[in-house]
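Please read this briefing with the sequence and the model side by side.

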Amino acid sequence: MCGIVGYVGAREAVNVLLEGLHRLEYRGYDSSGIAVYDGKAEFDPLAAENPGTGPIAIRKRVGRVSELSAAVAAQPVSGNLGIGHTRWATHGGISEPNSHPHVGGNGEVVVVHNGVIENYAILKTRLQALGYVFRSQTDTEVVAHLIAHHLDEQVRLGGAATDRKTILATVQIAVKSLKGTYGLGIIFRDHPGLLVAVRSGSPLVVGVGKGEHFLASDASPLAGYTDEVVYLSDHELVLLTADSLELIHRDHGRTSPSIQVLDQTESGSELGEFEHYMLKEIYEQPTTVENALRGRLDDDAATAKFGGLNLDSQKLRRIDRIVLTGCGTSWHAGLVGEYLIEEFARIPVEVEYASEFRYRNPPLSDQTMIFAITQSGETADTLAAMRESQRKGHSTLAICNVVGSTIAREADGGIYLHAGPEVGVASTKAFTSQVTVLTLLALYLGRLRHMSYPAGKRIISHLRAMPEILRHTLKCHEAVKEVAQKYHDASNILYMGRGYNFPVALEGALKLKEISYIHAEGYPAAEMKHGPIALVDENTPSIFVIPRGSMYPKVMSNLEEVKARRGPVIAIACEGDETMAGLADDVIYVPDVEDYLQPLVAAIPLQLLAYHIALLRGCNVDRPRNLAKSVTVE
């Protein structure tokens, strides 16, 4: 769950690297570092502790990328080739020695890495027996020394350290020993114009420019520099110079790169008038829901339409079961999707944690369809679950936000969210976009089966109105601020909802935990008396998602049970609900919409509440502790 950036060309590499790391910081922000080939002096193998004393100058800092930028300003480096890294710690604590880049051998190799090397301990023992000295607790330093070791072997066999063939053979031999996942960026002391990258399980993208090439973990650092990219597939290795790109697959040898147009704008990742990305992305939701709907509403047929499912209607009619799989927020969206598809299309649906689904062997028929739900398209567990499903011959599709991501490329078909870059670690607009797409999917499947034409028309009219309704929903912002001020010191908060709003309760609790570090739990409201009510006291607020609808009287009874035990109650209620004003301690009003659309409006005040509570507690809302945006390790 780290970010990699690399550059070779005519520009000052340090500028490209630092800007790229700032854009990738959502992938990890424990520490960061760069290595730039400046060619000024003989290499000192102790450069990892005393950077800046060799042809490959290294700068590292614990903390945010801004700390690294300050270090580079104090000790400038200059050169046209370099690699950079922003870290989310997996092996070894947060320290400068554990920060990337890592040096191999006597300085022959410098490496940055995203992923987890599962057999690093065995390899480390072997390398130590050969005399290699380790200065960190990371698995990545093992990779650096391993490459250096095989380079020395190739030279002893008659190769030259300056020869591309020798370097290619070295890296190919080294990675054969690695078990786990890796995206590697590698530069060499004796080949100042060459940047090597190799991928297995961790994403890497190459940017193709005129007289220059770029490397990154995702496309965001490339926007503004180039609009042509090559997405590396597993087991592909690329040799980059300023003027050449050579792609080699482990099993198929040299291949022609598939250059694609970069579908992302630089402005999409800028804060603009907002203080934080999370707030910006909350306010983008009317637009992102509109984007998810655009071109997908078919008034003539009273249904939805998709361009990328790659399944004909006859096959879809034969589907007898759907499994939705994802992690975190995507799993919560999947729960909403379960309710939607079962109600609209009458198809049995199961929602599986991807991390569990990949290791289970559930009985699935030939007519089972799998949907992987993901914002990044790179989530390791979701990707593995999708591949396992494909291995068993099931139709496996994706609901994904990032064009060109691994899941988007490997799925049998799917639906893009078109939500634009989501930088805040706590997902907001991706959730509502996923729910919107799942509503469209439920409509589509329902119209293929038993749903009537008038029912389809009603759903289309309701969906078309949602962007404006969400703009109106954002007017609750000031009321949310007041509630946050009142409860930001709470140690525990309970979230309750029923029906479509039970997943919303789970998602609201997750948002609060992620960014404010308050313990929070979401429950079906009726389950409260089967255990969680024991937690209720005057210091434990309960948030009830209780809009008007078929479950309103039932949830009201649950709310009364909390009030009877002197528990503070915060209600997310429909505008005009005067009864709620007399019962709850605090009420946040949202527009009155159909039951199946309530997750879209109810999610917004809960996102805002988590945001403001986190601010009042002095937390970093965009970079919460211990979390990273794209979970590319298991």
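In this predicted model, the largest nonpolar core has 95 residues, of which Ile322, Ile341, Phe371, Leu445 and Tyr495 touch the most other members. A nonpolar core here is a set of buried Ala, Val, Leu, Ile, Met, Phe, Trp, Tyr and Cys residues joined through side-chain atoms within 4.5 Å, and buried means under 20% relative accessible area, with exposed over 50% and partly exposed in between, for a 1.4 Å probe and protein chains only.

**How the model is read**
- Residues are numbered from 1 along each chain as its sequence is written, and side-chain values use heavy atoms, without hydrogens and water.
- Because the model is predicted, local features need pLDDT of at least 70 and side-chain atom pairs count only at pLDDT 80 or more, while totals for chains, interfaces and linings use all residues.

- Leaving aside neighbours within four places in sequence, Tyr495 is in contact (heavy atoms within 4.5 Å) with residues including Ala505, Leu512, Tyr523, Ile543, Leu606 and Leu609.
- Another core, of 30 residues, lies apart from the largest one, and among its members are Leu127, Val171, Leu178 and Val196.

**Helices**
- The axes of helix H9 (residues 329-345) and helix H16 (residues 501-516) come within 9 Å and cross at roughly 170°, so H9 and H16 are roughly antiparallel to each other, a term for angles over 145 degrees.
- On the H9 side the contact includes Trp331, Leu335 and Tyr339, and on the H16 side it includes Phe502, Leu506 and Leu510.
- Helix H13 (residues 429-448) has 20 residues and reaches 29 Å from its first C-alpha to its last, close to the 28 Å expected at 1.5 Å a residue, and 19 of its 20 residues are buried.

- Cys574 belongs to strand S26 (residues 569-574) and is buried, with a relative accessible area of 0%.
- Beyond its neighbours within four places in sequence, Cys574 is in contact with Pro547, Arg548, Tyr589, Val590, Pro591 and Asp592.
- Ser405 lies in the loop between strand S21 (395-400) and helix H12 (406-410), and at 2% relative accessibility Ser405 counts as buried.
- Once neighbours within four places in sequence are left aside, Ser405 is in contact with Ser376, Gly377, Glu378 and Cys400.

Note on methods. Axes fitted to C-alpha atoms, helices over the stretch in contact; angles between N-to-C directions. Helix = DSSP H or I, 4+ residues; strand = E, 2+ residues; numbered from the N terminus. Parallel < 35°, antiparallel > 145°, perpendicular 65-115°, else oblique. Expected span 1.5 Å × (residues − 1).
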